[in-house]
Amino acid sequence: MTYRELKELDNGILISHHFSADSPNDYDARGSTALNAVSREHYFALSLAKDCRRAALSGDEELLMRIYLKVLNAYERLLEPHFQFEETSLLPLLESVEIKPIAERSLAEHCQLRALLGGLRQRDPESLGSFGKYLTDHVRFEERELVPLFEELWN
Ligand SMILES: [Fe+2]
Ligand SMILES: [Fe+2]
């Protein structure tokens, strides 16, 4: 089993303590710790999404520039590793027919968010607003559907 290093964002918010496991049984012992980290990151992502939506509506160039940099930095350091953790360690565990659609929706929404990165890099306010909206919806969906599912699996 390997542990991903504990990381910190520039603003001091503590990020994940994710892990990857060779055997599914390892998740039983480590699962709740990883799930807590996922939820902490969701909380941060919601606040970031709010910044995106607010900046996109503001028309304030200085604020927009600050938020483009903030979101691209956070994307690289937190969101993309978070997506990858979910895609490689959590979603593959949802194999049964009834719960597979939850994994598929999470994955599709990651793709949707990744597709907006080009627009963010080109400083497109519409992409920033969409990124904020989709990220909010995505995190709410995962907190409502995905996290409780794993809590149930591991308890
Ligand atoms: Fe996700
Ligand atoms: Fe997530």
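Me: In which element is L57, and is L57 buried or exposed?
Reply: The model is a predicted one. L57 has its place in helix α1.

Me: How many Å apart in space are L57 and P125, C-alpha to C-alpha?
Reply: In sequence, 68 residues separate L57 and P125. P125 belongs to helix α5, which covers residues 125-154. From C-alpha to C-alpha, the distance between L57 and P125 is 8.1 Å.

Me: What is the phi of R123, and where is R123?
Reply: Most residues other than glycine have a negative phi. R123 is not a glycine, yet its phi is positive, near 60°. R123 counts as exposed because it has 12 C-beta neighbours inside 10 Å. Phi is near 60°, and the place of R123 is the loop between α4 and α5.

Me: At which residue does α2 bend by about 50°?
Reply: Helix α2 covers residues 61-90. Its buried residues include V71, A74, Y75 and L79. The bend of about 50° is at Y75.

Me: Which elements give two or more residues to the largest nonpolar core?
Reply: This core has 20 residues, and A45, L48, C52, V71, L128 and F131 touch the most other members. Leaving aside neighbours within four places in sequence, A45 is in contact with L79, L135 and V139. L79 is a buried residue of α2, while L135 and V139 are buried in α5. The elements giving two or more residues to the core are α1, α2 and α5.

Me: Which element has the lowest mean pLDDT?
Reply: The protein chain averages a pLDDT of 84, and 80% of its residues score at least 70. Over residues 1-17 the pLDDT is below 50, although this stretch has 30 contacts in the model beyond near neighbours in sequence. Helix α4 (residues 117-121) has the highest mean, 98. The lowest, 28, belongs to strand β1 (residues 2-3).

Technical notes:
Residues are numbered from 1 along each chain as its sequence is written. Chains are lettered from A and ligands numbered from 1 in the order in which they are written. This is a predicted model: local features need pLDDT of at least 70, side-chain atom pairs count only at pLDDT 80 or more; totals for chains, interfaces and linings use all residues. pLDDT is the predictor's confidence in each residue, from 0 to 100. Helices (H or I, at least four residues) and strands (E, at least two) are DSSP runs, numbered from the N terminus. Two residues are in contact if their C-beta atoms, placed from the backbone, lie within 7 Å. The expected span of a helix is 1.5 Å times one less than its number of residues. A nonpolar core is a set of buried Ala, Val, Leu, Ile, Met, Phe, Trp, Tyr and Cys residues joined through C-beta atoms within 7 Å. The bend at a residue is the angle between axes fitted to the seven residues ending there and the seven starting there.
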